[in-house]
Amino acid sequence: MKEDFTYKDIISNEPVNKSKVDRAYEIISALQTEMKKFTDCGSGPFLAAIFDKSGNLIIKTSNSVVNDVCSHNHAEINAIKEVEKMYGTYDLSEYDLSLYITAEPCMMCVGAILWSGIKHVYYGIPSESVEKITGFDEGFKPDWLEEFRKRGITVYGNIAPELGEQALREYIENGLTVYKPER
Ligand SMILES: [Zn+2]
């Protein structure tokens, strides 16, 4: 735990549970720290991990838009696809799974998470900062935390944002691809 870390900056759609935040901080910090290993191999600068109800890691994935030549292959979507295949179901609700993401999900991933039956979402750097640092377009997501709350999905965000900023800055400084359609 970083010394300057405070719970007051956490974004959430339920009263802040400190032990959930501590656990998410640990997992998301570790993902941010190993980001470069993935981006060195052509991955986009985003990672996702899904843990089961007992806290065991089920899958860790990176964004593979460029490598797979597929605009849909964001880290969260890759993780969800793999776990659904593994569990043999398109509805993961009964497993009470937690998804940890290095950045706030984009508009596509917000939809994908909702349809998957994932019950808990934890993200690092907020979309606004992602857009500012990288130029990626995160789309529009009106009040998505509240929409998730109504559907019984907990969300915590702004976890270890300084590490997220650092990882994204490195990606840009290294001249790596910011993929988005021309408008
Ligand atoms: Zn996405």
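Q: How many helices and strands make up the secondary structure of the chain?
A: In this predicted model, the chain comes to eight helices and six strands. Read along the sequence, they follow the pattern β-α-α-β-β-α-α-β-α-β-α-α-β-α.

Q: What makes the chain as compact as a globular protein of its length?
A: The globule rule gives 16 Å for 183 residues, and the radius of gyration of the chain is 15 Å. The two values are close, so the chain is as compact as a globular protein of that length. Along the principal axes, its C-alpha atoms fill a box of roughly 40 × 40 × 30 Å.

Q: How do you know that the span of helix α1 agrees with its number of residues?
A: Helix α1 covers residues 18–33, which is 16 residues. At 1.5 Å a residue the helix should span 22 Å, and its end C-alpha atoms are 22 Å apart, so the two agree.

Q: Which residues of α1 are buried, and what covers them?
A: The buried residues are Ala24, Tyr25, Ile27, Ile28, Ser29, Leu31 and Gln32. Their cover includes α2 (35–39), β2 (44–51), β4 (98–103), β5, β6 and α8 (161–173).

Q: What makes Ile28 stand out in the largest nonpolar core?
A: That core has 44 residues, and Ile28, Leu99 and Tyr100 touch the most other members. Apart from neighbours within four places in sequence, Ile28 is in contact with Tyr100, Thr102, Tyr122, Gly124, Ile159 and Ala160. In soluble globular proteins, nonpolar side chains tend to be buried together.

Q: Why are strands β1 and β6 said to pair?
A: Two strands pair if there are at least two bridges between them.

Q: In what sense do β5 and β6 pair, and over how many bridges?
A: Strand β5 (residues 120–125) pairs with β6 in the parallel sense, over three bridges. The bridge partner of His120 in β6 is Thr154.

Notes. Residues numbered from 1 in each chain as written. Predicted model: local features only at pLDDT ≥ 70, side-chain atom pairs only at ≥ 80, totals over all residues. Helix = DSSP H or I, 4+ residues; strand = E, 2+ residues; numbered from the N terminus. Core = buried A, V, L, I, M, F, W, Y, C linked by C-beta atoms within 7 Å. Buried ≥ 20, exposed ≤ 12 C-beta atoms within 10 Å, placed from the backbone. Contact = placed C-beta atoms within 7 Å. Rg over C-alpha atoms; globule rule 2.2 N^0.38 Å. Expected span 1.5 Å × (residues − 1).
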